[in-house]
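Thanks, everyone. Let me walk you through one structure. Have a look at it first.

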Amino acid sequence: MSVCDYYRHMSNDASEAWTLLFRLFVSQRGRVPQVAAEFDLSPMQAHVLRMLEPDQPLPMRTLARKLCCDASNVTGIVDRLEERGLVRRDAAPGDRRVKMLVVTTNGLAAPYKDTAVVFIKDFDSGWAFRGITSVNLNTLTNGQGFAVTSTVGGAGDHIQWGVEWAAPPARQATVATLGTAMVSTNGGTIAGPKSVNVSTDHNQRWVGYQTVNMATPPYFTGYLDIAAADEQGTISNSDIVRCAPDLRADKLAHTDTTVWQDASGTSDPVFGLTADSVFYVDTGSLAGNGDTVIFSGQLVTNTLVDPFAGSIVAFIKDFDSGWGWHGQSTLNLNTLTNGEVFSVSKSISGGGAHIQYGFEWVGPPARTNPAASSYVGNLGYVLVTNKLVATAASIVSINPNPAQVKLGTNITLTAITTGSGLTYQWSKNGVNLVNGPGVSGATSSALTLSNVLGTQEGRYSLVIQDSASNTASNSVPLYVYNPAWLYFDHAYNPFNGYINAWNGANLISSRPPSGNAGTSPKASFGFPVNPTTLLRASMNTNNDVITLQPNTYLYDGATNSMDPNYINPDGTAAAYIEQDWYAQNDSLVGDTLVFAGICTSNSLDPSYTATAWVKVSQDWSIENRYDTNLVAGKPFVLTVPASATSGKTYAQFGFAIWGPDNSSTNPITQRAVEVKVYSPLSAARSGGNLNLGFPTVINHSYALQYKTNLTDGTWNSLSTNIGTGTTVTVPDATTSARRFYRLWIQ
């Protein structure tokens, strides 16, 4: 029967279908060579691979028959496929003369195929490598199952699993010749529904999202990424989540009357205005359809007032890949008592593309000014911890942290703990404390130090033990400060970083005035910088010398090469910035502050100005900055009177570089300024002695030296003192008509 006769005997519908299929084949026939070429295959090689089924060996002679060609032709084709690791020839069972052709799924060429492994790696919480368990893919046959098992070394470990291979890099033009390997971790079948447990874990990426119930808010709302601190969502390294009323409105729209009842800076929000704040983790690899996600934790404390208390929930939300809504499960934390464990579960139906879990709370914005009736300190907060670590003895936190106390005053360190039948023991630098003069609560959850001395600076630790003999520990650094001499040294590390930027209509070309009247004009925007290395600021911890260079973070980090926020069309800078490297100590307010040091060198381009500064503020809507320029070889002494710091809430001191944002490749950004904070040396006559005085801090030694003439070759030693945190007075009974003194600090 001819083909025409074959079609003649078909029904009209069948004939039409076959005709259309034939036309489709003919129309697409030209694509076969194109697709084959993408994988560096000839059309015939691609055809052979298409005819082979995984795990179904095919005799070579059968393949030749299917291809309607001589067996010798098939041998040449198979040789080239085998060289690339795409197929292999096995002897047929029972007749070794017959060669069976098998398509491989580990088609990597050597040396890649010898190094490809599936693995589980274990790192501790500090990313120290604990070990790896692996299976080499080259030891497996097609379709063979494998299992990799590893024992986790400790709580909080980072566990990684996947596929790893190593060999020289390939060229794009020839990479296809080096083959591929394919692995299915479930044997090619769909795994059954599973349950996935999550909790508060600081190793996950916690982000913020906020909406405000007004049509056009005067500040940005929406996805906040990791900048969620001002909406008051944070997580600590000990997995403690803290949620509190929103402060973004106060910081970003401080006097805006669409948000607040008046422009005083202390008024309540307009009636009915609320901020919906979310602090959460978004993951696309947690679970799939039919799986159940369980979010668990433990409420440590809830001091929120209404309406926040009634709104705060723990949740699981389910979105598909297009952000289609697939529902949520929630639990109101206000229904729990302190220490109670909670659990929220949700069956996933959105494919697992966006599974979110975390906390959400709604209420009116709060103020940072204690004089405001909506002051945030009066509205409470929530602390939630990981139930995996909270069931046994645990120290959730020690407050304040860091602890800063004025010389000669009192401070109390208070621990928030979990567990039953707890005993307590505080220590300083590893030595257990006992109750006595200046120390009380050494075996309780609250340690009080009275009339604090400089020698009491150090690290204070608390060890607790529960009724089952489980123990836990935590610690905080205690800094003893003297407002008459603000020291900026490695003991205060890590320091803080911040950038203020002026651009657009607000662009300036020199440092704006400040002082009692406040900085004007205000910056267009500002943000904390973490890590502070992005500021190009560093300290040599051997000698406390600080090196600062012009910041290039904004310019180099612009979203595109001509971002108008930072870069003009001609490539010049479009923003003027202040980069701050500083210490924060809000306990300084109300005192006269003295910040002194010396600028050892300054090679900055004239476009930039380096300053030492002290800043105080009530609520950062007005920043009162007091500063002085850093001049090479010159000391600086910056004094801010108590009248300027009284009534304020915040205090900072540190260093800044002012100037245009620019690229790290621009020569003007390569120069630096060096500065060191030092102890000011004073001298006063008393009787027959010259009394030399200087303030000290612990962890430093002070060598007081002198010369009779500056041209003398060496300095002579007068005294060596160990820092105590107090002012040291050294008498010199010299009868010389003159002497030159210096203080050498290490």
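Predicted model: local features only at pLDDT ≥ 70, side-chain atom pairs only at ≥ 80, totals over all residues.

Strands β4 and β6 run antiparallel, and 7 bridges join them.

Now widen the view. The two strands belong to an open sheet of 3 strands, in the order β5-β4-β6, with antiparallel pairing. On the edges sit β5, residues 129-136, and β6, residues 158-164, each pairing on one side only. From one strand to the next, the twist averages 15°.

D122 is placed in strand β4, which covers residues 117-123. Is D122 buried or exposed? It is buried, yet D122 has no salt bridge. Which side chain of opposite charge is nearest? That is R130, 4.2 Å away. D122 does have contacts beyond its neighbours in sequence: among them are F129, R130, T151, D157 and H158.

On to the aromatic rings. How many aromatic pairs does a search of the whole structure find? The count is 19. Take F595 and F636: this pair is edge-to-face, 5.6 Å centre to centre, with 75° between the planes. F595 lies in strand β33, residues 593-602, and F636 in strand β36, residues 634-640, so the pair ties together parts that are 41 residues apart in sequence. Both F595 and F636 are buried.

One last item. Ring pairs also link a cluster: W206, F279, F295, F342, Y357 and F359.

Conventions
Residues numbered from 1 in each chain as written. Heavy atoms only, no water. Helix = DSSP H or I, 4+ residues; strand = E, 2+ residues; numbered from the N terminus. Buried < 20%, exposed > 50% of the residue type's maximum accessible area, 1.4 Å probe, protein only. Lys, Arg positive; Asp, Glu negative; His and termini not counted. Salt bridge = Lys/Arg side-chain N within 4 Å of Asp/Glu carboxyl O. Contact = heavy atoms within 4.5 Å. Pairing = 2+ DSSP bridges. Axes fitted to C-alpha atoms, helices over the stretch in contact; angles between N-to-C directions. Phe/Tyr/Trp six-rings, centres within 6.5 Å; stacked < 30°, edge-to-face > 60°. Lists of a residue's contacts leave out its neighbours within four places in sequence.
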